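Please open the structure in your viewer and keep the selection tool at hand.

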Amino acid sequence: MTANRAANAFDIDRSHWPAGHPSAPFGRIGVLLLNLGTPDGTSYWPMRRYLKEFLSDRRVIEEPRWKWWPILNLIILTVRPKKKGHDYASIWNTERDEGPLKTITRSLAEQLFERLAGSAHHR
Amino acid sequence: MRYANPSTESRINALKDQGCDRILLVPLYPHYAAATSATACDEAFRALMKMRWQPAVRVAPSYHDDPVYIDALARSMTASLAKLDFEPEKIIATFHGMPEKYLQKGDPYHCQCLKTSRLLCEKLGIVPDRWLTTFQSRFGNDPWLQPYTDATVERLAKDGVKKLVLIAPGFSADCLETLEELDVENRDIFENNGGKKFAYLPALNDSPEGIDVIEAIARRELMGWI
């Protein structure tokens, strides 16, 4: 979500710029909503990719690498993608082929833009 | 999104490409935890590390005790409770758990969850005897924040509680941990142990109340910029 700080933020006089000056847009404000995420699909490989990314985050699992790596790779990532994929399939937004967290978060962002409209331009 | 798509980096780059030289990051976690809010910001900062011309960045703080948030939860809950065909004997406010040792390392998460729960109970005027606070989604063998949600649901059912309501104020959007773990698994636990009426009340999600909260936070944190 973006907002212009000045009404003419994109109306910059570039006539004095030297030739070959790189395009450098500026003057707008963005709002970025951050959420956890959701797998790209419920089958084995998307689930495995998601779980690996999530459970490799040292902010999430603070165990030392040498201790955690074999547990994650040899046990969890062989067993859990199938089970979790099954769980995800039961709540999946099949119409948009995505997890509900993504559907809800997108809708939140779109409606927030509507509320801020006037001072904001959605991209 | 911190994991999978759309990635935080792709969205920050998109904002920058559109000319954003100021960016407000709003982690959609009411309660601060290193494992959620901090890692979401880390990921955003990693994207900034690769930029020639970095935008100025602000981060919205946790909003666990913000009156706007407590009020939105109370309004949403009141509306959901009114739709039920029963009056719950007990209400459980359940929050995602974390290893107990993270609390001992200084994570404010546990305290913030308890505060939300207390403020919400007070706001709704519910007698504390009917209100419990628990932690869910335990993973691995280490002790996590307690009491555990599933064990509490089982105990209540075995103690003769017939009508139970679960709410999960820490989740800004419903996901596997609420729709499946709470509404399916914990419902099963309750009903298999003698419980009769069970309801999980939806998260704020993209309801008008949910948007009220994020709008209030965004407007407050954008002060001086707009």
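Select A:Lys83 and A:Asp87, whose side chains meet in a salt bridge (3.1 Å, N to O); a salt bridge is a side-chain nitrogen of Lys or Arg within 4 Å of a carboxyl oxygen of Asp or Glu. Both residues lie in helix α2 of chain A, four residues apart, about one turn of the helix. Helices here are DSSP runs (H or I, at least four residues), numbered from the N terminus. A:Lys83 counts as partly exposed because its relative accessibility is 47%, whereas A:Asp87, at 8%, counts as buried. Buried means under 20% relative accessible area, exposed over 50%, and partly exposed in between (1.4 Å probe, protein chains only).

This is a predicted model, in which local features need pLDDT of at least 70 and side-chain atom pairs count only at pLDDT 80 or more, while totals for chains, interfaces and linings use all residues. Residues are numbered from 1 along each chain as its sequence is written, chains are lettered from A and ligands numbered from 1 in the order in which they are written, and side-chain values use heavy atoms, with hydrogens and water left out.

Next, select helix α1 of chain A, residues 44-55. Which of its residues are buried? They are A:Pro46, A:Met47, A:Arg48, A:Tyr50, A:Leu51 and A:Leu55. These buried residues pack against α2 (65-91) of chain A.

Now turn to chain B and colour domain 1 (8-63 + 208-221) and domain 2 (67-200) separately; the bounds come from an automatic or database domain assignment. The centres of the two domains, taken over C-alpha atoms, are separated by 28 Å. Twelve residues of domain 1 of chain B are in contact with 16 residues of domain 2 of chain B, where contact means heavy atoms within 4.5 Å.

Helix α8 (residues 208-221) of chain B gives the most to the side of domain 1 that touches domain 2, with four residues.

Finally, select B:Lys123 and B:Asp71, a salt bridge whose closest N and O atoms are 3.6 Å apart. B:Lys123 lies in helix α5 (residues 109-124) of chain B and B:Asp71 in helix α3 (residues 67-82) of chain B, so the pair ties together parts that are 52 residues apart in sequence. B:Lys123 is partly exposed, at 49%, and B:Asp71 is also partly exposed, at 27%.

Definitions and conventions:
Helices (H or I, at least four residues) and strands (E, at least two) are DSSP runs, numbered from the N terminus. The expected span of a helix is 1.5 Å times one less than its number of residues.
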